[in-house]
Amino acid sequence: MTIGVICAIPQEWSYLHSILAAPSREQVAQITFDSGELGGHRVVLAAAGMGKVNAGLVATLLADRFGCSTIVFTGVAGGLDPQLHIGDIVIADRVVQHDFGLVHEERLHPYQPGYVPVINPTERLGYPVGPDLIDRVRRHLEGFTLPALPTAAGGADTPPRIVYGTVLTGDQFLHCERTRTRLHNDFGGLAIEMEGGAVAQVCEAFAIPWLVIRALSDLAGARSGLDFNVFVGEVAVSSARVLLHLLPVLR
């Protein structure tokens, strides 16, 4: 069984690529896919680039061309929940594409991707992680502790928290306090990123499990651009370490 691992940017990909054993490389659609082993588990690792189209393309290739049985996104995200801090880990139990929907009276009303309420209505909003998988993940991470993130890397010299909840996906980098507050209030989202919702949508079409693991590189507000550039490398490694610990149960 092969696990597909997607990252968006080089900072998310480089650590995993550096420890990939017995690698072999293939290029498809201008994207590099590295097959090999992580911790004795067969994986295909790809850096998709940012955004939902890139993530959907790579997830499709991992499922169809490379025959991956599970697909995981590992990387960084902006924090929405004011209780979370840079370096904390958010594991999605549901992803929502917050930028898909119906525009009415100059306002976007989010809706399930692929549906429009006036044409083919649905009660769904978002994609939940399979209950068996998220239960295995929770149990396997009980007692697992990441190294403390130093203050120089945005941490508080304490181990990062690992939390579960809704992750929002949209094709924008969030750099706005008011929007951050609104999205957190509207959806209960813990974090926001640009790829996970597309990965979930593709995996549902192929009927294969998926997981999104995100370390907070910034707090999606007025300082998000500065914080991202300072902290992304360090916190991306934390997300990768969670992935490595979970590989035995991602099947």
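How many of the eight residues in strand 10 are buried?

## Strand 10

Seven of them are, so residues 162-169 are mostly covered. Here, buried means under 20% relative accessible area, exposed means over 50%, and partly exposed lies in between (1.4 Å probe, protein chains only). Strands are DSSP runs of E with at least two residues, helices are runs of H or I with at least four, and both are numbered from the N terminus.

A quick word on the source: this is a predicted model, where local features need pLDDT of at least 70, side-chain atom pairs count only at pLDDT 80 or more, and totals for chains, interfaces and linings use all residues. Residues are numbered from 1 along each chain as its sequence is written, and side-chain values use heavy atoms, with hydrogens and water left out.

## Its partners

Strand 10 runs parallel to strand 6 (residues 89-97), with eight bridges joining them; two strands pair if DSSP finds at least two bridges between them. Look for Ile91 opposite Tyr164 of strand 10.

Strand 11 (residues 191-193) is parallel to strand 10 too, through three bridges.

## Gln97

Gln97 sits in strand 6, and it counts as buried because its relative accessibility is 6%. Setting aside neighbours within four places in sequence, its contacts (heavy atoms within 4.5 Å) include Thr169, Tyr127 and Gly197.
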